[in-house]
Amino acid sequence: MNINLLSCDAKRPDKRAIAKCIAEIASNMDDSLANELTGILLEGDVVDIEVADKKSSSAFRALRKLDIDYEILD
């Protein structure tokens with residue numbers, strides 16, 4: 001399943017927590033790429049990641065906890 005990470009609405013976003021979350025939920029993602037994508041997300045650009053179907057419910061819960069808006073693509 002692909003999802004777009006649209007924005008982070010947290011007043012003081014925790015870059016390390018967001019990067020860790022992205023690395024854990026995304027398929028085939030290493031820490032370096034997760035850190036780069038976190039920076040892109042916090043700058044205001046949309047980030048597209050692939051999430052395994054078996055991780056989808058926990059992924060959505062983790063994203064909501066970090067105040068990250070997302071859009072399900074398929």
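Reader: Crossing of helix 1 and helix 2: left-handed or right-handed?

Author: Right-handed. Helices here are DSSP runs (H or I, at least four residues), strands are E runs of at least two, and both are numbered from the N terminus.

Reader: What kind of model is this?

Author: This is a predicted model, where local features need pLDDT of at least 70 and side-chain atom pairs count only at pLDDT 80 or more, while totals for chains, interfaces and linings use all residues. Residues are numbered from 1 along each chain as its sequence is written, and side-chain values use heavy atoms, with hydrogens and water left out.

Reader: Back to the helices. At what angle do helix 1 and helix 2 pack?

Author: About 125°, with the axes 8 Å apart. The axes are lines fitted to C-alpha atoms over the stretch in contact, and angles run from 0 to 180 degrees between N-to-C directions. Helix 1 and helix 2 are therefore oblique to each other. Under 35 degrees is roughly parallel, over 145 roughly antiparallel, 65 to 115 roughly perpendicular, and the rest oblique.

Reader: Which residues meet there?

Author: From helix 1, K15, I18, A19, I22 and A23. From helix 2, D31, A34, N35, T38, G39, L41 and L42. They divide into 7 nonpolar, 3 polar and 2 charged. Nonpolar covers Ala, Val, Leu, Ile, Met, Phe, Trp, Tyr, Cys and Pro; charged covers Asp, Glu, Lys and Arg; the others, Gly among them, are polar.

Reader: Which residues of helix 1 are buried?

Author: I18, A19, C21, I22, A23 and I25. Buried means under 20% relative accessible area (1.4 Å probe, protein chains only), exposed over 50%, partly exposed in between. They pack against strand 1, helix 2, strand 2, helix 3 and strand 3 (68-72).

Reader: New topic. Which residues touch the most other members of the largest nonpolar core?

Author: I3, L5, I22, M29, I49, L63 and I68, out of 21 residues. Helix 1 gives the most to this core, with 5 residues.

Reader: What does I3 contact?

Author: V47, D48, I49, V51, F60, L63, E71, I72 and L73, leaving aside neighbours within four places in sequence. Contact means heavy atoms within 4.5 Å.

Reader: And N4, buried or exposed?

Author: N4 counts as buried, at 13% relative accessibility. N4 lies in strand 1.

Reader: Where is A10?

Author: In the loop between strand 1 and helix 1. A10 and K65 are 55 residues apart in sequence, yet 9.6 Å apart in space, C-alpha to C-alpha.

Technical notes: A nonpolar core is a set of buried Ala, Val, Leu, Ile, Met, Phe, Trp, Tyr and Cys residues joined through side-chain atoms within 4.5 Å. A crossing is left-handed if the near helix is turned anticlockwise from the far one by less than a right angle, and right-handed if clockwise.
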